[in-house]
Amino acid sequence: MFIFRLLLKNAFRHRLRTLLTMVGLVVAVCAFGMLRTIVDAWYAGAEASSSTRLITRSATSLTVPLPLAYAERIRAVDGVTGVSWSNWFGGIYQSERNFFPQFAVDGPTYLPLYPEFLISDDQRVGWLRDRKGALVGRKLASKFGWQIGDSVPLKSSIYPGEWSFVIRGIYDGVDASVDENQMLIHWAFLNETMRARAAGRRSDSVGVYVTGIRDPANAALVSQRVDAQFRNSRAETLTETEKAFQLGFVAMSEAILLALQAVSYIIVVIIMAVMANTMTMTARERLAEYATLKALGFPPGFVVRLLFGESLLIAAIGGLAGVLITIPLAAAFAGATGSLFPVFRVSGTTVALQFGAALFVGLVAAAWPAWKMSRIDIVAGLRHVA
C-alpha cells in the first residue's frame, strides 16, 4: 500500500503534464479500439457464417441469375441436406440514406438453414402464410419503430414498381454476431408479380442457392459435386462455403482494411513516443532523488521499480479510461452509420488489445529512463541537490 501511495503521489507531482499525457493516451486507446472495431465489423459476416452452409452462384458474375430448375439437381447431390435460394431485392425505404439489406427467399426451405434466427412459432406461421409478409431483424425494427402489422413501402430499381410489405415477424439473433438488420420477403410473391408485370423478365431465376450439408469436412467435395452438375451448361456455377463467399466481399476492400490496421498501430507508436518523453523528463527532474536513494542503500532495482510502476500506473489509468469511453462511442457510431455495419460492437479481444497496448506503452516508455537511472553515479547525482 505504501508503494502504491508513493507511485500515485509521484505520478501526479506535475498534474498538468500527467493529465495531458493521460488525455493523449485516452485518445490513442479510443482511436485504436474504434479502428479495430471497424475492421472486426467488416469481417463480422464471415466470422458469423456457418460451416454447414454452401453458397452457389453464377460462375460468370454474382449479377447473373441462375435457373430455378437447378434446385432439384442440387438437392439430389450426395451430402446435401437442404436447398433454398434468395434474390437481392435492393429496395429503398423513404430515402436512400435508409439503406438496409432485403432478400427475397423461399421461406419454408430458408429458415431451417438459419437456426440462428430466433422467431416465435406464431410469427413464423404468420409470415409463411402471408405472401406479402416480411420478416425483419430486431435491430432494424427498433431503428424504424416497426411493429407487427406495420406496412413498409419500398421502391426497387432492380424490380421496377412500388412494393408494399406487411411485417409479420421480428427475429432475434441467437447471439450478438447475428445480423439483425435484414428484411426477408417471399420469393414466390416477387416471382409471380414480375412474371405478370414484365412478361417473364427476371422470373423463375434466383440470385444464389443456399445449400445445407451434412458434414462440414466434406464442404469442398460437395461443392465440386454441385458444380459438376452444371459444367459446360449455359449457366455454370461456382459453389463455395458461406465464409468464403462473405470474404469475397471483404476482399474488395482489403486495401482499406490494411490501411486501417496500419493506422491503429501507428497511433500506438505515436503515443508511445509521447509517453517516453514524459517519463524521460520525469527521471531527469528526479535525478538527485534517485541518487539520494542509492546513497541511503536502496538497490538500483528499487529505482527501476519506481519508474516502471509510475509509468504503468499512468498507462493503466489512461488505458482504462480509453476502454470505458470506447464502448459508448462505438454505440453512437453504430447508430450514426445505420445498417452500414450490421454487427458493430467492441469485442472482448479488442478490449484486451486496448488495455494491453496501454500497458505495453507504459513498459516501453519507462525502459530507457529506468536503465539510465539504475546506472546513475551517486556523486554526479548528488551535485543536483539544491
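D78 is exposed in this predicted model, with a relative accessible area of 52%, where exposed denotes over 50% relative accessible area, buried under 20% and partly exposed the range in between, computed with a 1.4 Å probe and protein chains only. Because the model is predicted, local features are reported only at pLDDT of at least 70 and side-chain atom pairs only at pLDDT 80 or more, whereas totals for chains, interfaces and linings use all residues. Residues are numbered from 1 along each chain as its sequence is written, and side-chain values use heavy atoms, with hydrogens and water left out.

D78 forms a salt bridge with R225, in which the closest N and O atoms are 3.4 Å apart; a salt bridge is here a side-chain nitrogen of Lys or Arg within 4 Å of a carboxyl oxygen of Asp or Glu. The pair links distant parts of the chain, as D78 belongs to the loop between α4 (70–75) and β3 (80–88) while R225 sits in helix α9 (residues 219–229), a separation of 147 residues. Helices (H or I, at least four residues) and strands (E, at least two) are DSSP runs, numbered from the N terminus. R225 is partly exposed, at a relative accessible area of 31%.

In total, the structure holds 10 salt bridges. Another of them joins the side chains of E192 and R131, with an N to O distance of 2.5 Å, and this pair likewise links distant parts of the chain, since E192 lies in helix α8 (residues 187–197) and R131 in the loop between α6 (121–129) and β7 (133–137), 61 residues apart. E192 is partly exposed, with a relative accessible area of 41%, and R131 is also partly exposed, with a relative accessible area of 42%. A further salt bridge connects E162 with K155, the closest N and O atoms being 4.0 Å apart, and both E162 and K155 are exposed.

Pockets were identified on a 1 Å grid over the protein atoms alone, as open sets of points with protein on both sides within 12 Å along at least five of seven lines, in contrast to a cavity, where a 1.4 Å probe fits but cannot get out; lining residues have an atom within 4 Å of a point. Grid points are joined across faces, edges and corners, and a volume is the space filled by probe spheres set on the points. The lining of the largest pocket comprises 47 residues, of which W88, F103, F245, Q246 and F249 lie nearest its centre. At least two lining residues are supplied by each of α2 (15–42), α3 (44–47), β1 (53–58), β3, β11 (205–206), β12 (208–213) and α10 (242–251), and α10 provides the largest share, five residues. By class, the lining of the largest pocket divides into 29 nonpolar, 11 polar and seven charged residues, with Ala, Val, Leu, Ile, Met, Phe, Trp, Tyr, Cys and Pro counted as nonpolar, Asp, Glu, Lys and Arg as charged, and the others, Gly among them, as polar.

The second largest pocket has a volume of about 220 Å³, and its lining includes T37, D40 and A41 as well as V343, F344 and R345. Two or more residues of this lining come from each of α2 and α3, α2 giving the largest share, three residues. The lining of the second largest pocket divides into six nonpolar, three polar and three charged residues.

On the surface, F4, L8 and I317 form a nonpolar patch with about 240 Å² of accessible area together. Patches are made of residues with over 30% relative accessible area and no salt bridge, like charges being joined within 9 Å and nonpolar side chains (Val, Leu, Ile, Met, Phe, Trp, Tyr) within 5 Å, and accessible areas come from the Shrake-Rupley method with a 1.4 Å probe, only the protein chains shown counting as cover for residues. I317 lies in helix α13 (residues 300–337) and counts as partly exposed at 35% relative accessibility.

With regard to the backbone, most residues other than glycine have a negative phi. Q94, which is not a glycine, has a positive phi of about 65°; Q94 is placed in the loop between β4 (91–92) and β5 (102–105) and is exposed, with a relative accessible area of 65%. N232, also not a glycine, has a positive phi of about 65°, lies in the loop between α9 and β13 (237–241) and counts as exposed at 70% relative accessibility.
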